[in-house]
Amino acid sequence: MDTMTPTTHAQQHWYLATLGHEALLRELASLKLPDSATHDPLSLAGRCLVADPIGYPEAHQAAERVLAPLRAARTFTATIPDEDAALEHTGVVPVLEERQAGAVTGWYAELLLFEHSALLNKAAYRLSRMPGDSTWIIDSDFQHSGHPGTLRPFGSRRSGTRQTLLPPFIAELNRLVEQGPGSSM
């Protein structure tokens, strides 16, 4: 299979539309944009990415500030067996850090997934692994529209079904944790 990696623009667009959307809205709040300009996460992300630094400096600067975590992101490639073939994915991890929720410290990660076959924006997740967790739990996931499907804050009580990632993605996140901060592939 031909190895493809997502372009920087694709990574930025998907990040602003999903994991960085709330931060982007906060950054743009002073512009008092109408709801019609902000209701669609994909469209808003696209407009901010192409905003001219001279003509629309506020929108351009807002996007640049929100994209800061993506500049130091770590990446990995993982293969997921499918019925007919194996699908390769690129994982982009803009944030991987220890966080505290009350008196408990756990791991927090943000993960963007891209499928190689068509460079589809496969998924975007906020994940946590708290003491006692045997795997990474999905706290937030985002639909292809950019709108959230699930939103739970880090360290929240996790009643009911615990959604998690596929084993190859879990293994890659665990490998990145073991490598420590600032390490790359």
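Helices, as H or I runs of at least four residues, and strands, as E runs of at least two, are DSSP runs numbered from the N terminus. On that basis the protein chain of this predicted model comes to seven helices and six strands.

**View 1. Overall order of the elements in the protein chain.** Read from the N terminus on, the elements run α-α-α-α-α-α-β-β-β-β-β-β-α. The protein chain has 185 residues, of which 42% count as buried. Among its contacts with a separation of 6 or more, 54% are accounted for by residues 24 or more positions apart.

**View 2. The largest nonpolar core and a second, separate one.** The largest nonpolar core has 23 residues, and those with the most contacts inside it are Tyr 15, Leu 16, Leu 24, Leu 28 and Leu 112. At least two residues of this core are supplied by each of helix 1 (8–17), helix 2 (21–28), helix 4 (41–49), helix 5 (57–66) and strand 3 (104–115). As general background, nonpolar side chains in soluble globular proteins tend to be buried together.

**View 3. The buried side of helix 2.** His 21, Leu 24 and Leu 28 are the buried residues shown in helix 2. They lie on the same side of helix 2, because the arc they cover around the axis is only 60°. The buried residues of helix 2 pack against helix 1, helix 3 (35–38), helix 4 and helix 5. For Leu 28, once its neighbours within four places in sequence are left aside, the contacts are with Leu 33, Leu 44, Cys 48, Ala 59 and Ala 62.

**View 4. The packing of helix 2 with helix 5.** The two helices, helix 2 and helix 5, pack at an angle of about 145°, and their axes are 9 Å apart. The crossing in which helix 2 passes helix 5 is right-handed. From helix 2, the residues Ala 23, Leu 24, Glu 27 and Leu 28 meet Ala 59, Ala 62, Ala 63, Arg 65 and Val 66 of helix 5.

View 5. Lys 32 is found in the loop between helix 2 and helix 3. Although Lys 32 is not a glycine, its phi is positive, at about 50°. Lys 32 counts as exposed because its relative accessibility is 70%, the cut-off for exposed being over 50%.

View 6. His 13 has its place in helix 1. With a relative accessibility of 18%, His 13 counts as buried, since buried means under 20% relative accessible area. Not counting residues up to four places away in sequence, His 13 touches Leu 42, Ala 45, Gly 46 and Leu 49.

View 7. Leu 70 lies in helix 6 (residues 68–71). Its relative accessible area is 11%, and Leu 70 is therefore buried. Leu 70 and Gln 11 are 59 residues apart in sequence, while in space they are 8.1 Å apart from C-alpha to C-alpha. Leaving aside neighbours within four places in sequence, Leu 70 is in contact with Gln 11, Gln 12, Tyr 15, Val 92, Pro 94 and Leu 112.

**View 8. Strand 1 and its pairing with strand 2.** Strand 1 (residues 74–81) and strand 2 (residues 86–101) run antiparallel and are joined by eight bridges. The hairpin that joins strand 1 to strand 2 passes through four residues. Within this pairing, Thr 79 stands opposite Glu 88 in strand 2, and the bridge partner of Ala 78 in strand 2 is His 89.

**View 9. The hairpin of strand 2 and strand 3.** Strand 2 and strand 3 run antiparallel and are joined by eleven bridges. In strand 3, Glu 110 is the residue that Val 95 stands opposite. The hairpin formed by strand 2 and strand 3 has two residues between the strands, and Gly 102 in the turn has a positive phi of about 65°.

Note on methods
Residues numbered from 1 in each chain as written. Predicted model: local features only at pLDDT ≥ 70, side-chain atom pairs only at ≥ 80, totals over all residues. Heavy atoms only, no water. Core = buried A, V, L, I, M, F, W, Y, C linked by side-chain atoms within 4.5 Å. Buried < 20%, exposed > 50% of the residue type's maximum accessible area, 1.4 Å probe, protein only. Contact = heavy atoms within 4.5 Å. Pairing = 2+ DSSP bridges. Arc of directions from axis to C-beta. Axes fitted to C-alpha atoms, helices over the stretch in contact; angles between N-to-C directions. Left-handed = near helix turned anticlockwise from the far one by under 90°.
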